[in-house]
Amino acid sequence: MQILIIIGYILLFVGLIFFIRWLKSPKRIGKKGEQSVFKVLLKLSDDYHILNDVVFQTNKGTTQIDHIVVSRYGIFAIETKNYRGEIYGDDTRDNWTQIIVTDVAYQRKWWKTYTYVTKNQFYNPVKQSIGHASKIRALLKNYKHLPVIPIVVFVGDAVFKDVETNHKVIYLEQLLSVIEEYKTIYLSNEDCQEVIRVLEDNNMRETIDDKTHIDNLKSAQKLKQKAIDFGVCPKCGGSLLMRNGQYGPFYGCSNYPKCKFTAK
């Protein structure tokens, strides 16, 4: 009987560890952020139609968009980032930086603290959201004058410490006002329904699971890096040339300004 009790406690302890890991997993944190954005989007009027967790086929695999809002005033491609700490980045860098500063108490001297700094990098969300918007435009080529606005929404306790961008990179509380500032009508109600139909018909979420999507992203990243290693622009096939910029040397496409691809 005692053995069964001990086994029960062990299983409970192991289950608790897995539960804590699940709570802190990037996937769950990301989904929690998407849920927060969706709750805000539900406050929009009936003029706006929301599509969540959309996956489209691309020539390099698949691309996943957290939320697409369709309206008579344009389409909004929303990328959600659930982060905390200080955020650094601009439109040109491949990666942005997250810095988390934590005050930690000494074990023996509880009245004293030291500063622990964690530095992480994540793929440039502006480039990510621009890619999403480009895919939507390609699917809606019959609506050439319809604006597709990429938006990056930071959820959580993140602070834009040094973010330089010409695009919509905002906090969650700004989301509704940013969407509602677009007032020019481009679509009739019937056109809106047709746009929604096109997007839904191309949505592959039911056939593409998260693992397959991540594998596609990794494969696309490897192909991109191979092209860069050979001095070839992965975006248009031009040559990569060394240039000097505000933040130091970088590689730029020879077809600039038509192609604005850059790499460190």
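Predicted model: local features only at pLDDT ≥ 70, side-chain atom pairs only at ≥ 80, totals over all residues.
Residues are numbered from 1 along each chain as its sequence is written, and side-chain values use heavy atoms, with hydrogens and water left out.

Me: How many of the nine residues of strand E3 are buried?
Reply: Strands (E, at least two residues) and helices (H or I, at least four) are DSSP runs, numbered from the N terminus. Buried means under 20% relative accessible area, exposed over 50%, and partly exposed in between (1.4 Å probe, protein chains only). Strand E3 spans residues 74–82 and is mostly covered. The number of its buried residues is eight.

Me: Which residue in E3 is the bridge partner of histidine 67?
Reply: Two strands pair if DSSP finds at least two bridges between them. Strand E2 (residues 61–71) and E3 run antiparallel and are joined by five bridges, and a hairpin joins E2 to E3 through two residues. In E3, the partner of histidine 67 is isoleucine 78.

Me: In which sense do E3 and E7 pair, parallel or antiparallel?
Reply: One of the bridges places isoleucine 75 with valine 148 in E7 as partners. E3 and E7 pair over eight bridges, and the sense is parallel.

Me: How many aromatic pairs does the structure hold, and which residue pairs with phenylalanine 122?
Reply: Rings of Phe, Tyr and Trp (its six-membered ring) pair if their centres lie within 6.5 Å; planes under 30 degrees apart count as stacked, over 60 as edge-to-face and the rest as tilted. The structure holds eight aromatic pairs.

Me: Is phenylalanine 160 buried or partly exposed?
Reply: Phenylalanine 154 and phenylalanine 160 form an edge-to-face pair, 5.1 Å centre to centre with 80° between the planes. Phenylalanine 154 is buried, with a relative accessible area of 2%. Because its relative accessibility is 21%, phenylalanine 160 counts as partly exposed.

Me: Which residues does valine 40 touch, not counting residues up to four places away in sequence?
Reply: Valine 40 lies in helix H2 (residues 26–41) and counts as buried, at 14% relative accessibility. Valine 40 and leucine 175 are 135 residues apart in sequence, yet 7.8 Å apart in space, C-alpha to C-alpha. Contact means heavy atoms within 4.5 Å, and the residues that valine 40 touches are Leu172, Leu175 and Leu176.

Me: Which residues are in contact with serine 129, leaving aside its neighbours within four places in sequence?
Reply: Serine 129 is found in helix H3 (residues 125–139). With a relative accessible area of 2%, serine 129 is buried. The residues in contact with serine 129 are Glu79, Pro150, Ile151 and Val152.

Me: With which residue does aspartate 94 form a salt bridge?
Reply: A salt bridge is a side-chain nitrogen of Lys or Arg within 4 Å of a carboxyl oxygen of Asp or Glu, and by this rule the count comes to seven. For aspartate 94, the closest N and O atoms are 2.7 Å apart in its salt bridge with lysine 127. Aspartate 94 lies in the loop between strand E4 (85–90) and strand E5 (95–105) and its partner in helix H3, so the pair ties together parts that are 33 residues apart in sequence. The partner is lysine 127.

Me: How many disulfides does the structure hold?
Reply: A disulfide is a pair of cysteine sulfur atoms within 2.5 Å. Cysteine 253 counts as buried at 1% relative accessibility, and cysteine 259 counts as buried at 5%. The number of disulfides is zero.
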